[in-house]
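The exercises below are to be worked with the sequence and the model open side by side. Each task is followed by a solution in steps.

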Amino acid sequence: MRFQFVFSEVWIGLRRNLTMTVALIVVVAISLSLLGTGLLFVKQVDNTRSYWQSRVQLSVYLCTPSDVAANCERNGGVTPSEVAAIKSELLATHDTLSIQYVTADAAYKQFRQEFANNEPIVRYTARNQIPPSFEIRLKNTQADAAQVTEVMDGAPGVSQVVNDASILDQFYRLLDGARNAVVVIAIFLLVAAILLVANTIRLSAFNRRRETSIMRLVGASNFYVQLPFLVEGMIAGLFGWLVATGLLIGVKSVLLSSLQSIFPYGVSLSTADLVEVIIVAMITGLLICGSTSFLTLRRYLRV
Amino acid sequence: MIHFDNVTKTYANQSRPALENVSLDVEKGEFVFLVGPSGSGKSTFLRLVLKEERPTSGRIHVAGKDLARLTNWKVPHLRRRIGCVFQDFRLLPNKNVYQNIAFALEVIGKPRRFIRKVVPEVIDLVGLEGKRERMPDELSGGEQQRVAMARAFVNRPMILLADEPTGNIDPATSIGIMKVLDRINRTGTTVVMATHDAAIVDSMRKRVIELEYGKVVRDQSRGVYGQAY
């Protein structure tokens with residue numbers, strides 16, 4: 001096997017076929033990026049889900065002085081005796097894992113921290129608009145959450161009971177929707193990529209038919225004749241993957257980070273997650289380019 | 001070397017067979033002219049020897065091997081032992097003389113050292129010394145055909161097939177081409193040449209096989225082009 005010869009034939013082929021090769025690289029890059037983005041969204045949801053499984057599950061927000069909730073009409077915020085009453089009520093529910101009281105000040109501090117990126121909201125929210133709360137961790141979310149909510153709802157001093165899960169559900173639904181849209185587009189683009197690979201290889205083989213017919217005449221083995229085209233297809237796929245990797249890194253750092261500032265409940269993805277997605281993209285890209293090139297050659301390069 | 005046993009070849013969509021019940025033997029080292037009008041089956045004969053086509057019936061043996069039993073992946077090995085020259089030269093326009101000849105060796109995986117040794121020898125054999133770096137469009141028709149012959153011969157094939165090699169070349173230059181072919185034949189290579197060129201055939205007095213409508217009508221050693229009545 002003469003690598004030098006194969007390499008020079010591949011190089012000649014790529015140059016002659018440059019426009020189509022570039023088109024192929026672009027399509028592969030975009031489709032792999034979209035596929036990768038979909039995978040990143042899936043991972044984001046999974047990570048967030050597993051993180052929050054063991055965290056705070058129920059938040060009982062208490063009345064602030066300016067609260068407009070039905071139960072706070074008295075206006076003046078929750079009184080210490082009401083806080084004590086609520087606390088003992090919660091303690092009576094045996095299935096709570098932990099109950100934590102967050103003071104108004106602590107809550108305000110946390111609010112400022114979480115929305116640090118969102119200046120307008122911080123500026124226009126007064127200190128006494130952030131309520132104190134009881135953060136409750138439950139043993140058995142579904143059933144107990146409903147029960148505790150029922151008990152707390154309407155108790156004096158309780159503004160609202162929020163099941164954190166419902167907020168997260170919105171987050172999950174948003175990401176799932178985005179993921180579905182992205183994956184559908186990715187599939188269309190992958191089909192386009194397959195067709196483009198087939199067409200590019202076919203065009204390349206046609207452009208080189210003079211060389212190919214002489215090669216066959218002179219007794220070059222079939223493998224040797226097909227190899228330069230196969231390598232051409234794989235190289236285009238590889239470059240497409242490299243571009244896709246760059247795009248995916250961009251997606252992770254830009255898109256998902258901005259998602260974080262809107263939804264501070266998400267858990268950011270690790271580098272390992274990104275690497276996993278990039279490897280999956282590479283395998284998909286190589287498989288598609290390799291097999292399509294091979295099948296096209298069998299059809300159009302008569303041996 | 002080449003043995004045809006009752007070979008018939010009919011192409012699809014055609015009623016008349018291109019070759020019909022052809023039986024003949026070509027011995028090692030022979031020089032054979034294949035003559036006949038257009039469509040008589042000369043090119044078909046050559047393609048069957050190369051296994052570019054398969055016979056509709058009959059057996060073909062090349063260098064002792066039954067072509068029918070030859071598997072597809074062994075066909076390249078057969079073709080390496082057969083050199084081919086065509087009327088349209090079939091050179092690669094973007095490669096010079098040396099590279100065109102070297103190409104034939106590169107694609108079958110011969111090492112660079114071997115190529116560097118063998119290609120200049122064969123360039124000298126065909127009389128093109130000093131023209132190594134020329135591109136095909138800088139060569140005359142005769143010179144291009146010599147390059148093609150050098151390429152066909154560089155791997156020392158057992159058989160050299162020529163399909164109307166002097167078709168695009170003037171009579172005077174054709175003589176030069178035939179001298180090269182003769183030189184190649186003297187090294188022991190079996191040569192089968194399909195041709196219309198009556199003058200060449202008459203002047204060389206080699207074995208002549210005449211085809212008409214796919215059938216062998218004459219097989220004469222030291223023959224001439226037309227019927228020698």
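A residue is buried if 20 or more other C-beta atoms lie within 10 Å of its own, with C-beta atoms placed from the backbone. The model is predicted.

**Exercise 1. The fold of chain A**

Task: Work out what share of chain A counts as buried, and list the order of its elements.

Solution. 
- Step 1. Apply the cut-off to chain A: 34% of its 303 residues count as buried.
- Step 2. Take the inventory of chain A, which comes to ten helices and four strands.
- Step 3. Read the elements of chain A from the N terminus on: α-α-β-α-β-α-α-β-α-β-α-α-α-α.
- Step 4. Consider contacts in chain A between residues at least 6 apart in sequence; 87% of these join residues at least 24 apart.

**Exercise 2. The side of chain A that touches chain B**

Task: Find which helix of chain A gives the most to the side that touches chain B.

Solution. 
- Step 1. Count the residues in the contact: 14 come from chain A and 13 from chain B.
- Step 2. Helix 8 of chain A gives the most, with six residues.
- Step 3. Sort the chain A side by class: eight residues are nonpolar, three are polar and three are charged.

**Exercise 3. Two packed helices in chain B**

Task: Describe how helix 5 and helix 6 of chain B pack.

Solution. 
- Step 1. Two packed helices are described by the angle and the distance between their axes.
- Step 2. For helix 5 (residues 141-153) and helix 6 (residues 171-186) of chain B, the angle is about 15° and the axes are 10 Å apart.
- Step 3. Angles under 35 degrees count as roughly parallel, so helix 5 of chain B is roughly parallel to helix 6 of chain B.
- Step 4. The crossing of helix 5 of chain B with helix 6 of chain B is right-handed.
- Step 5. Residues making the contact include B:M149 and B:F153 of helix 5 and B:I177, B:V180 and B:I184 of helix 6.
- Step 6. By class, this contact of helix 5 with helix 6 of chain B has five nonpolar, five polar and one charged residues.

**Exercise 4. Strand pairing in chain B**

Task: Trace the bridge partners of B:H61 in chain B.

Solution. 
- Step 1. Strand 1 (residues 2-9) and strand 4 (residues 57-62) of chain B run antiparallel and are joined by five bridges. Here B:H61 of strand 4 is the bridge partner of B:H3.
- Step 2. Strand 4 and strand 5 (residues 65-66) of chain B also run antiparallel, with two bridges. In strand 5, B:D66 is the partner of B:H61.
- Step 3. The hairpin of strands 4 and 5 of chain B has two residues between the strands, and B:A63 takes a positive phi near 55°.

Notes: Residues numbered from 1 in each chain as written. Chains lettered and ligands numbered in written order. Predicted model: local features only at pLDDT ≥ 70, side-chain atom pairs only at ≥ 80, totals over all residues. Contact = placed C-beta atoms within 7 Å. Nonpolar A, V, L, I, M, F, W, Y, C, P; charged D, E, K, R; others polar. Axes fitted to C-alpha atoms, helices over the stretch in contact; angles between N-to-C directions. Parallel < 35°, antiparallel > 145°, perpendicular 65-115°, else oblique. Left-handed = near helix turned anticlockwise from the far one by under 90°. Pairing = 2+ DSSP bridges. Buried ≥ 20, exposed ≤ 12 C-beta atoms within 10 Å, placed from the backbone.
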